[in-house]
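Please open the model in a viewer and keep the selection panel at hand.

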Amino acid sequence: MDGSAVPHFEQAASAACSMATKILAPVKTERQIYENSMLEDDPNGNSVITTNIKNFEDKSVPRWGPNHKGAQELANLYSTGKRTQECISVGICITLMAANSFFIVIRLRLENFGSIVIAALCGIITADFVSGLVHWAADTWGSIELPILGKNFLRPFREHHIDPTSITRHDFIETNGDNFMVTIPALCKLTWDFLTLSEPEIQQRFLWSCYWWQLAIFVAMTNQIHKWSHTYFGLPDWVVWLQEHRIILPRRHHRVHHVAPHETYFCITTGWLNWPLEKLRFWYVLETIIEISTGYKPRVDDFKWAQKRT
Ligand SMILES: [Zn+2]
Ligand SMILES: [Zn+2]
């Protein structure tokens, strides 16, 4: 055997090892998480890792939580008009979801079960991606000063970074109103098709209907799932089971997003796409392209609100 093959093999093995170590390294270390995010699972600060907040920062001014001045200001911008929009959205969405679930369930055929499961899974993966895209866009661009959009739709994202626990105090309407609203057009279209198309046409499109149905359900449920990922006390056992089996966004997984400056792990439905998107540097590349082409810097407004501590 040629002796030079051995060093080559060793080189290749060590290169593969260092690549694997790099790829499998945690996106944020335990220390980064403890130093740069709010300890929601440890409200009394009993954590073994002592935080190392930089000396020049005044420790008496809250960095996160309901006492942060910026968070209080943002919470006060929640208006009656906004509440009305959320109540209407929840009512319409639940009605349409129930109708579509009925139309789908009565047409389920066991012989197509495999393809239906695949279509539904594709719907769930799309929902995870959409949650990431919308969350990234709202966190990274725009400002509270934008007309209509700012106070009504960007405000909760700003508030959530400086007081991540506020979501756990929001009721069902405030938590889910906006997500329920965005699914209404797709659910209307699905209902319309079920009511107007002939049975053979409905059967022909059935897999697409299953895809859109699951996509709509998971998009609608995204903020409820997100709220559960911030709830460290008193969750029902079945929710914890879904989190631990990674069917919905797990709590420890979502902590990676809450490490300042909140620049990764934006997907908040199942979280399945967070790791691959981070390894592809997807958000970073997208931000770089936008910054080069428009001149806007990412997260300027988010950073501004984080500074409003006094
Ligand atoms: Zn965020
Ligand atoms: Zn969160």
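Helices (H or I, at least four residues) and strands (E, at least two) are DSSP runs, numbered from the N terminus. The model is a predicted one, in which local features need pLDDT of at least 70 and side-chain atom pairs count only at pLDDT 80 or more, while totals for chains, interfaces and linings use all residues. Residues are numbered from 1 along each chain as its sequence is written, and chains are lettered from A and ligands numbered from 1 in the order in which they are written.

**The whole chain**

Of the 310 residues, 30% are buried; a residue is buried if 20 or more other C-beta atoms lie within 10 Å of its own, exposed if 12 or fewer, and partly exposed in between, with C-beta atoms placed from the backbone. Two residues are in contact if their C-beta atoms, placed from the backbone, lie within 7 Å. Among contacts with a separation of 6 or more, 73% join residues 24 or more positions apart.

**The annotated segments**

Next, select residues 87–110 and 116–138, which an unreviewed UniProt entry annotates as "transmembrane region". UniProt positions are given here in the numbering of the model, feature names are shortened, and annotations may be inferred rather than shown by experiment. The chain over residues 87–110 is 79% helix and 0% strand, and its end C-alpha atoms lie 37 Å apart. Over residues 116–138 the figures are 100% helix and 0% strand, with 33 Å between the end C-alpha atoms.

**The α4–α10 pair**

Now display helix α4 (residues 80–105) together with helix α10 (residues 206–229). At what angle do α4 and α10 pack? The angle is about 150°, and the axes are 11 Å apart. Axes are lines fitted to C-alpha atoms, for helices over the stretch in contact, and angles run from 0 to 180 degrees between N-to-C directions. The crossing of α4 and α10 is left-handed, a term used if the near helix is turned anticlockwise from the far one by less than a right angle, with right-handed used if clockwise. To see the contact, show C93, M97, N100 and I104 on α4 and S209, C210, W213, I217 and A220 on α10. Seven of these contact residues are nonpolar, two are polar and none is charged.

**Helix α8**

Move to helix α8 (residues 172–196), where a kink of about 40° lies at I184, shortly before the proline P185. The bend at a residue is the angle between axes fitted to the seven residues ending there and the seven starting there. Colour the buried residues of α8, among them E174, N176, F180 and L190. The buried residues of this helix pack against α4, α7 (166–169) and α10. Further along, D193 also belongs to α8 and is partly exposed, with 17 other C-beta atoms within 10 Å.

**S166 in α7**

Select S166, a residue of helix α7. Is S166 buried or exposed? S166 counts as buried because it has 20 C-beta neighbours inside 10 Å. Apart from neighbours within four places in sequence, its contacts are P66, A71, A75, E159 and H160. A71 is 95 residues from S166 in sequence, yet their C-alpha atoms are 8.8 Å apart.

Go to the loop between α12 (251–255) and α13 (274–279), which holds P261. The peptide bond from A260 to P261 is cis, with omega near 15°. H262 lies in this loop as well and, although not glycine, has a positive phi, near 55°. H262 counts as buried, with 22 C-beta neighbours inside 10 Å.

R299, in the loop between α14 (282–294) and α15 (300–307), also has a positive phi in a residue other than glycine, near 60°. R299 is partly exposed, with 17 other C-beta atoms within 10 Å.

Finish at E145, in the loop between α5 (113–140) and α6 (149–162). E145 is exposed, with 10 C-beta neighbours inside 10 Å. Its C-alpha atom is separated by 9.5 Å from that of D301, 156 residues away along the chain.

Conventions: Nonpolar A, V, L, I, M, F, W, Y, C, P; charged D, E, K, R; others polar.
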